[in-house]
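Open the model in your viewer and keep the sequence panel handy. We will go from one selection to the next, and at each stop I will tell you what is there.

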Amino acid sequence: MTKVDLYDTTLRDGMQGQGMSLSAAEKVRVVHALDALGVDLIEAGFPGANPKELELFELLADERLEQATICAFGMTRRRGVAADEDPGLRTLAACFAPVVTLVGKTWSLHLEKVTRVSRAENLAMIAESVAYLRAAGKRVIYDAEHFFDGWREDPGYAFECLRSAAEAGAENLSLCDTNGASLPEQIAEATAAVVADLGSETAIGIHTHNDLECGVANSLAAVRAGATLVQGTVNGYGERTGNANLISILPALELKLGYECVGADRIGRLTETAHLIDEICNLSPDPDQPYVGRNAFAHKGGMHAAGIQADPRTFEHMEPTLIGNNRDVLISELAGKGSVLARAERAGIGIDDEGAARAIEAIKEREHRGYSYEAADASFELLIRKETGEYEPLFTLESFRVVTEKRADGRVETEATIKVWVGGSRYIRTAEGLGPVHALDLALRGAIYEHHPQLAEIALTNFKVRILDEHQGTEAVTRVLLDTSDGHDSWGSIGVSENVIEASWEALVDSLEYAFQPGRADPRSGGTSARSEQGV
Ligand SMILES: [Zn+2]
């Protein structure tokens with residue numbers, strides 16, 4: 001089995017994505033999650049790009065990792081400056097990270113149009129920069145920017161650049177498809193040529209971007225052609241359409257192609273890691289993401305569901321538990337008892353045939369009114385619990401009232417008052433919020449917090465409203481989907497009503513009650529493509 005190293009650049013290249021920003025402390029959490037997954041090399045950025053990066057490197061210098069190695073990232077020396085006088089290289093040499101990834105040019109178009117450096121000077125910049133860092137005791141990865149474009153236009157010069165880095169002591173030449181312009185056959189051909197020429201002296205890596213939706217396929221093609229290191233980001237974060245997605249590359253390499261990457265134990269953390277890092281980045285996990293999405297192994301149709309019960313291989317490309325995902329048979333009018341029993345079993349709920357039949361009737365009746373449990377696994381489980389008696393209400397509602405006031409100066413203020421009974425006591429609480437749901441959430445939390453202080457850990461992460469008008473014979477109804485997280489896991493809940501506040505209330509109560517059910521099933525993260533509105 002050939003070992004393939006995983007190189008994660010979520011913290012640098014991934015942060016180029018729109019709206020991506022993490023504090024130094026959050027980046028440390030990402031590093032630990034990647035380390036636990038078994039990623040070999042974790043790129044943390046340039047140790048001095050700004051105060052936040054400096055803080056990150058200071059924090060990382062004191063962190064103990066299980067097995068991952070931290071890499072610093074920088075550029076070859078500037079033109080006309082000696083390597084040992086280049087401030088960037090001196091910072092890299094002084095940094096604690098044992099590995100430095102140096103990016104440099106390989107494409108003559110960039111030399112002419114962007115850097116205005118002669119071809120000979122560029123080769124000297126590469127060789128002297130690598131040699132300087134080697135002399136400072138660093139392991140060096142040479143990141144050959146625009147390699148594939150350069151190779152197509154002038155393969156001889158692109159090779160000279162690689163050779164300069166290799167001869168100066170780079171341990172790895174990582175070939176970059178910086179513009180994401182290449183297709184798998186092109187990547188395979190160029191990588192094979194490099195491996196044939198330089199592969200006996202130096203390891204070859206691959207770093208692709210996803211502009212042609214080929215980031216994963218290109219990475220796999222390069223490995224098949226002899227690359228032994230793959231750069232990418234978690235969930236494919238990155239500039240434009242993103243980087244190669246390590247979350248898809250890892251199971252393909254290890255489980256489909258038989259390469260050695262992280263091992264059977266660690267790969268079981270794949271789903272959890274992908275979702276955790278989404279949460280840290282404040283993104284809703286994509287339910288349709290390959291391998292780790294909530295829908296990746298979900299079966300809606302009755303025949304599929306029956307086939308899965310008979311033998312999972314009938315409709316699945318792999319066993320989902322190998323990567324920590326779950327087979328979750330989605331409920332709909334098409335599916336039957338099997339899915340209710342499967343969910344009950346996962347949640348440890350004792351259910352007999354009569355209980356299952358009652359739950360199915362309740363689901364069907366609710367689906368008819370506009371409920372849909374695909375994105376609301378918490379509400380689905382609560383419904384089964386209510387039919388089997390394994391349900392503990394958090395509180396008893398006496399009443400609530402929400403007032404929204406629009407002032408002449410344009411300001412809008414919302415206030416909610418709630419009266420509930422918890423543990424034999426009556427609580428009345430009032431709260432102001434950004435909108436009615438926010439105000440209700442705060443008032444309810446205020447009322448029950450005393451009995452349930454763990455509420456502090458639980459946050460609503462996503463609020464989606466959709467108007468359903470397909471229900472003949474009734475007024476249009478509003479469907480509210482909420483995603484809720486306790487910091488590790490997230491779950492979805494649903495409410496449906498002709499009144500948006502009533503629908504929101506229903507979803508809100510489910511989201512909180514679910515959190516406190518004893519022995520609840522491992523929730524899976526939420527998120528759908530539905531329209532989202534803040535301040536509703
Ligand atoms: Zn990149």
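Start by selecting threonine 202, which sits in the loop between α8 (184-198) and β7 (203-208). This is a predicted model, so every stop on the tour is a stop in a prediction. Is threonine 202 buried or exposed? Its relative accessibility is 4%, and because buried means under 20%, threonine 202 counts as buried. Now show its surroundings: leaving aside residues up to four places away in sequence, threonine 202 touches Ala166, Ala170, Glu171, Asn172 and Leu173.

**Stepping back**

Zoom out to the whole chain. Along its principal axes, the C-alpha trace spans about 80 × 60 × 40 Å. Colour by secondary structure and you will have 18 helices and 14 strands to look at. Of the 536 residues, 54% count as buried. Take the contacts between residues at least 6 apart in sequence: 69% of them join residues at least 24 apart.

Next, colour by confidence. The chain averages a pLDDT of 88, and 93% of the residues score at least 70. Then select residues 522-536, where pLDDT stays under 50. For that stretch the model has 52 contacts beyond four places in sequence.

**Two loop residues with positive phi**

Most residues other than glycine have a negative phi. Against that background, select glutamate 213, in the loop between β7 and α9. Its phi is near 60 degrees, a positive value in a residue other than glycine. Glutamate 213 counts as exposed because its relative accessibility is 68%, and the cut-off for exposed is over 50%.

Now select tyrosine 291, in the loop between α12 (270-280) and α13 (302-310). Here phi is near 70 degrees, again a positive value in a residue other than glycine. Is tyrosine 291 buried or exposed? With a relative accessibility of 12%, tyrosine 291 counts as buried.

**A helix pair**

Select residues 215-224 for helix α9 and residues 246-256 for helix α10. The two pack at an angle of about 35 degrees, with their axes 10 Å apart, and their crossing is right-handed. Which residues meet here? Show side chains for Val216, Ser219, Leu220 and Val223 in α9, and for Ser248, Ile249, Ala252 and Leu253 in α10. The residues of this contact divide into 6 nonpolar, 2 polar and no charged.

**Into the core**

Keep Leu253 selected. In the largest nonpolar core, which has 89 residues, Leu253 is among those that touch the most other members, together with Leu133, Phe147, Leu162 and Leu173. Not counting residues up to four places away in sequence, leucine 253 touches Val4, Leu6, Leu220, Val223, Val230, Gly258, Tyr259 and Cys261. For the other core, select Val420, Val480, Trp505 and Ala515, which are included in a second, separate core of 33 residues. In soluble globular proteins, nonpolar side chains tend to be buried together.

**A buried aspartate**

Go to helix α12 and select aspartate 278. Aspartate 278 counts as buried because its relative accessibility is 3%. What does aspartate 278 touch? Beyond residues up to four places away in sequence, the contacts are Asn235, Tyr237, Leu283, Ser284, Pro285 and Asp286.

Select alanine 431 in strand β11 (residues 425-433). Alanine 431 has a relative accessibility of 12% and therefore counts as buried. Its contacts, not counting residues up to four places away in sequence, are Thr414, Glu415, Ala416, Ala439, Leu442 and Ala443. Aspartate 441 is 10 residues away from alanine 431 in sequence, and the C-alpha to C-alpha distance is 8.7 Å.

For the last stop, select tyrosine 142 in strand β5 (residues 139-145). Its relative accessibility is 0%, so tyrosine 142 counts as buried. Finally, draw a C-alpha to C-alpha line from tyrosine 142 to glutamine 454: the two are 312 residues apart in sequence and 49 Å apart in space.

Note on methods. Residues are numbered from 1 along each chain as its sequence is written. Side-chain values use heavy atoms; hydrogens and water are left out. Axes are lines fitted to C-alpha atoms, for helices over the stretch in contact, and angles run from 0 to 180 degrees between N-to-C directions. Helices (H or I, at least four residues) and strands (E, at least two) are DSSP runs, numbered from the N terminus. A crossing is left-handed if the near helix is turned anticlockwise from the far one by less than a right angle, and right-handed if clockwise. Contact means heavy atoms within 4.5 Å. Ala, Val, Leu, Ile, Met, Phe, Trp, Tyr, Cys and Pro count as nonpolar, Asp, Glu, Lys and Arg as charged, and the others, Gly among them, as polar. A nonpolar core is a set of buried Ala, Val, Leu, Ile, Met, Phe, Trp, Tyr and Cys residues joined through side-chain atoms within 4.5 Å. Buried means under 20% relative accessible area, exposed over 50%, partly exposed in between (1.4 Å probe, protein chains only). pLDDT is the predictor's confidence in each residue, from 0 to 100.
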